[in-house]
Amino acid sequence: MRRTPPTPLALLLGALAPVLTAVPTTPAEDAADLVLAHGVLYPVDPPEPVEGSLAIRDGAIVYLGPPAGAEPLVGPETEVIELAGRAVTPGLIDAHSHLAGLGAALEQVDLVGTGSYEEVVARIAAAAAELPAGTWVRGRGWDQNDWPVKEFPGHGPLSAALPDHPVWVNRIDGHAALLNTRAMAELEIGAATPDPPGGRFLRDAEGRPTGVLIDNAMDVAGVRLPATDAATIRRRIAAAAGYAAARGLTTVTDMGVDGPTIAAYRDLAGAGELPLRAALFLTDSAPLLESWFASGPEVDPAGRLTIRGVKLYADGALGSRGAALVEPYADDPGNLGLLTASGDHLAEVAGRARDAGFQVGIHAIGDRGNVVALDALERALGVGWQNGRRVRDGDDPRFRIEHAQLLRLEDLARMAELGVIASMQPTHATSDMPWAGDRVGERRLAGAYAWRKVLAAGGRLALGSDFPVERVDPLLGLYAAVTRQDLEGEPEGGWLPGERLTRDEALRGFTLDAAQSLFLEHLVGSLAPGKRADLVVFDRDPMRVPAAEIPAVQVDLTVVDGRIVHRREEAP
Ligand SMILES: [Zn+2]
């Protein structure tokens, strides 16, 4: 038996609670592999915490309850970790994220938090100085809303500072990119390049591209970028998975993957090199969907890799005014945003997906984007659904709307009636709150980032981060969900505070309801005997510390399938 050295607090609690004895009376085959002793365990279902111990055998939870009940499960080979009152939650689940994108972002120039265009150019130039001429320099995270001049930049200063490297840097929301002259030349973007449907090349007075690409214009240009090789994709996913696991995530998503990315995930899962679970949503490409709809969903034998979703887009994002609105932008009269796909296309793909056993998640941010998405899902659901109830046996499509940031109140109700899952990201609200009111005006804010209204209508809320758009750490999501404040505690009382969630609701959104939104709730999402042992141990209790201290809570241990995949260095 290996016992971790107890801390002074552990010794104190040990004196109060029954101490696990090491008497090896348990037959080895009945013994637990791992016992977490004397903790505060949050099963989520039910929400009330249990002060006790948890035992794991063969990757599954076999006991949760008073410490005495775990003692008979301790055998000679059992590892016992003394929690000394530390908190344990189910492994956290990010219902909407981009794992491969995170891996790429970790290798890119980080432009998050830049205070001016000059700073953006300086950071890119510093990175390019390390790379041979002609090498692509990629970056992400600029946001003109954080600059003194809150307008889209032109390529001029960037092109002047970087004449020898093609540069492509994404805006923070991923819905706009800035390119320099060298990049536009290599991708053959010029005055004669037409705007694609659902996209735009911003232009100067003479019609020349300014270097800013919006939404589908990024796709048109992006297909001409040099391809990434398989080893690079695998390296990035593995790095991102380790990064996410270290922050308490045990299941992540990859919303919109192509064939090479799927192959990389399969390679990693097959080699046992995926330290957490990943659920993949296929990108909306006709040949890719055709072959997957013919073969059906895929879950690997170890339950690490699930491929049974399709990611679709209805519109763009609010920050770049690409989100489709019913009425014009309050700060750009005449602009209704962009629909990036037709309702017919969304309904057609959703219907085929449903028949093939796949779910769809439709990106819809503006209220018009959400109308189009809900109309399409309603058509795809067809006659089998009434008032959110399945009237056709065995049919459980679990359609999702991704982001659902601005909805008319009648559509919030309709989403719940249709049984459509709201896949929302608490940190999007706190990132967008400084300018969201400018974009949509006071009246429409009633349906903005309206988590409580989703629940009040009887809808389901699956929470996530949309990393790498937002930071990976799910505790930041928990904090944003319960406070609707930024990390400085602003605004006082929270932004639109009526939409704050309780900690129980927020934890459920990041665990069981996120699992349900991925067809994984039978495996994970709560702490219960029989479920896979995916869980997190924290240094302090994120469910009980003052809300302002949630972001500082540390992940001591992350456990997936009963195996410790992350252990904080200074942790006891
Ligand atoms: Zn996303």
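Analyst: The description that follows rests on a predicted model. Two helices, α4 (117-128) and α14 (426-444), each supply at least two residues of the lining of the second largest pocket. Of these helices, α14 gives the most to that lining, with four residues. The pocket itself has a volume of about 350 Å³. Its lining is made up of 19 residues, and the closest to the centre are Q144, V149, K150, E151 and F152. By class, the lining of this pocket divides into eight nonpolar, three polar and eight charged residues.

A search of the whole structure finds three cavities of 30 Å³ or more. The largest cavity holds about 50 Å³ of space. Which residues line the largest cavity? They are T89, L92, P474, L475, L478, L507, F510, F538, P542 and M543. Here α16 gives the most to the lining, with three residues. In the largest cavity the lining has nine nonpolar residues, one polar residue and no charged residues, whereas the lining of the second largest pocket includes eight charged residues.

Another runs from E490 to P491, with omega near -10°; P491 belongs to the loop between α16 (474-483) and α17 (503-509).

For A404, phi is near 45°. This residue sits in the loop between β21 (400-403) and α13 (409-417). Is A404 buried or exposed? Its relative accessibility is 3%, so A404 counts as buried, the limit for that class being under 20%. For F519, phi is near 60°, and the residue lies in the loop between α18 (512-516) and β24 (535-538). F519 has a relative accessible area of 13% and is therefore buried as well.

To return to the part requested, the second largest pocket has a volume of about 350 Å³, with α14 as the element that gives the most to its lining.

Methods: Residues numbered from 1 in each chain as written. Predicted model: local features only at pLDDT ≥ 70, side-chain atom pairs only at ≥ 80, totals over all residues. Heavy atoms only, no water. 1 Å grid on protein atoms, 1.4 Å probe; cavity = no way out; pocket = protein on both sides within 12 Å on 5 of 7 lines; lining within 4 Å. Points joined across faces, edges and corners; volume = space filled by probe spheres on them. Nonpolar A, V, L, I, M, F, W, Y, C, P; charged D, E, K, R; others polar. Buried < 20%, exposed > 50% of the residue type's maximum accessible area, 1.4 Å probe, protein only.
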